[in-house]
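Please read them with the structure open.

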Amino acid sequence: MTARRLNHRRSVLWIAALVHRLSGLALAVFLPLHFLALGLAIRGEASLETFLRWSDQPLVKVAEGGLVFLLTVHMLGGLRVLVIENLDWRDGQKQLATLAAGVSAVIAFIFLARVL
Amino acid sequence: MSDMPSELTVSLWRGAEQGRYETYRVPRRDSQTVLDVVTFVQRHLDPTLSYRFACRVGVCGSCAMTVNGRPRWTCRTHVSKVAKGGRLEIGPLENLPVIKDLATDMREFFEKWQQAKGVFAPSKTRHDAIEQIRPDSAERLAADAAIECINCGVCYAACDTVRWNSDYLGPAALNRAWTLVNDERDGANVARLEAVAASGGCHACHSHQACQEHCPQALNPTASIAGLKRRTMAAYLRGEIKA
Amino acid sequence: MNVRLYVWQRLTAALMLPLVLLHIAVIFYASRKGMTAADILARTRGSIVWASFYGVFVVAVAIHAAIGVRNVLAEWSPLADRGAGIFAIAFGIALLILGLRAVAAVTL
């Protein structure tokens, strides 16, 4: 076996960085699909309308709520990075990271409340 | 006031990259440090154990190891603080090749220091007047906040980006580069900024801040690296350095 | 990542901050129940404003996502810098084409 074992990774900031990275990857996978769906309008509004009605299903709405969360958390996490890198150093990074996740969850829940 | 048994159960890494943890029983003593424990094993239980130390008092940086999963100075880590239920797991520092047991090959750490141009480059000779440096200038304060690094390697071992990106110069090298970027006497800043602006330089840092969390000197390489990002971006946009 | 890629990624990120906020507002508005494709397209067709907004957004996200994906591949996959870079460029171009096509689809 090899010696390697580290357990410090469960720090809030490491989790924040991981969430930022995974949300970015998920959005990157989602985007082409999003563009293809919108591109249905080329064939006329009937194609897009069919797709939109398909997306009325509750499960799809829940997935959309997940996407809203991913977009918001990626943006707020990125904003936190821009603050670290461009403004004077400030402590309280863990609180900022937790706040970013919290705000994103709230926005996603509001979205779901409106559409479900 | 100890809920600690009178004996510690200590697992030590034996071998090189491949090997195994071996268990030893070490008597518990007051004010015992992890370095005391390792030393006891080598002197009384197994003389073939290899490990590194020098000053024993937290000024040289030689004794850093992975203790219960975290990189620490073993001479400054009290057993009472880390040994839950009398158990300790001690391994070599991560992110560095293992020579034997608890001793790692630090060469890449120091080579990256050189690559980051973490070396003072004089701009005057003995025949010039001595440079007047105000200790409270913004630049000197920034350099002083980062200058106490003793190259122990703890930050390098703690950094996930070092683990994922073999080109990454690492927090210590970049932190030192930052102190020199802020040193008015230094004459090599264009080359230094280019060195840290290259692939594997400061821009590879994701601000996980494990370095800052683990630094035994309470330094903040994340902040130093953020400073380097600002300087290199400004220099690049002004055409002073090339990508 | 070097300074050039960093600058492009951070600048597109900063540019997209207000764009994402607006986009989230658009999502909330458009997801009102009962909004049909006809409703949406009636608002977007022939609109220079929507075409510009989403056109800029698509270009920015293609650059930003490509560099981000490149970094993740270089760190987490067996691909080295060069392989990650090639994949990322291909991905960025794909996003650009599909994205601008989508913008055209709803605004032209």
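How many helices and how many strands does chain A have?

1. Chain A, make-up. The model is predicted. Chain A has 4 helices and 0 strands. Its pattern along the sequence reads α-α-α-α.

2. Chain A, dimensions. The radius of gyration of chain A is 18 Å, whereas a compact globule of 116 residues would come near 13 Å. Along the principal axes, the C-alpha atoms of chain A occupy a box of roughly 55 × 40 × 25 Å. Of its 116 residues, 31% count as buried. Take the contacts in chain A between residues at least 6 apart in sequence: 84% of these link residues at least 24 apart.

3. Chain B, domains. Two domains are assigned in chain B: domain 1 covers 7–104 and domain 2 covers 107–237. Their centres, taken over C-alpha atoms, are 30 Å apart. Across the boundary, 14 residues of domain 1 of chain B are in contact with 15 residues of domain 2 of chain B.

4. Domain 1 side of that boundary. Which strands of chain B each supply at least two residues to the side of domain 1 that touches domain 2? They are β3 (64–67) and β4 (70–73). The biggest contribution comes from β4(B), with 4 residues. By class, this side of domain 1 of chain B holds 7 nonpolar, 3 polar and 4 charged residues.

5. The β3–β4 hairpin. The strands β3(B) and β4(B) run antiparallel and are joined by 4 bridges. B:Thr66 faces B:Pro71 in β4(B). The hairpin has 2 residues between its strands, and B:Asn68 adopts a positive phi near 45°.

6. Largest nonpolar core. This core has 71 residues. Its members that touch the most other members are B:Val37, B:Ile90, B:Leu174, B:Ala177 and B:Val196. Helix α7 of chain B (residues 171–181) provides the largest share, 7 residues. Why does this core lie between the two domains of chain B? Domain 1 (7–104) and domain 2 (107–237) both give residues to the core, so it lies between them. As general background, nonpolar side chains in soluble globular proteins tend to be buried together.

7. B:Ile90. Leave out residues up to four places away in sequence, and B:Ile90 still touches B:Val10, B:Ser11, B:Leu12, B:Trp13, B:Val34, B:Val38, B:Met65, B:Thr66, B:Val67 and B:Leu102.

8. Second core. A separate core of 27 residues is also present. Its members include C:Tyr54, C:Val69, C:Ala102 and C:Val103.

9. B:Met233. This residue sits in helix α10 of chain B (residues 221–237). Is B:Met233 buried or exposed? B:Met233 has 20 other C-beta atoms within 10 Å, and the cut-off for burial is 20 or more, so B:Met233 counts as buried. Beyond its neighbours within four places in sequence, B:Met233 is in contact with C:Val3 and C:Val7. B:Met233 also lies 8.4 Å from B:Ala197, C-alpha to C-alpha, with 36 residues separating the two in sequence.

10. Points to check on screen. For chain B, look at β4(B), which gives 4 residues to the domain 1 side that touches domain 2. For the link to chain C, look at B:Met233 with C:Val3 and C:Val7.

Terms used. Residues are numbered from 1 along each chain as its sequence is written. Chains are lettered from A and ligands numbered from 1 in the order in which they are written. This is a predicted model: local features need pLDDT of at least 70, side-chain atom pairs count only at pLDDT 80 or more; totals for chains, interfaces and linings use all residues. Domain bounds come from an automatic or database domain assignment. Two residues are in contact if their C-beta atoms, placed from the backbone, lie within 7 Å. Ala, Val, Leu, Ile, Met, Phe, Trp, Tyr, Cys and Pro count as nonpolar, Asp, Glu, Lys and Arg as charged, and the others, Gly among them, as polar. A residue is buried if 20 or more other C-beta atoms lie within 10 Å of its own, exposed if 12 or fewer, and partly exposed in between; C-beta atoms are placed from the backbone. A nonpolar core is a set of buried Ala, Val, Leu, Ile, Met, Phe, Trp, Tyr and Cys residues joined through C-beta atoms within 7 Å. The radius of gyration is taken over C-alpha atoms; the globule rule is 2.2 Å times the number of residues to the power 0.38. Two strands pair if DSSP finds at least two bridges between them.
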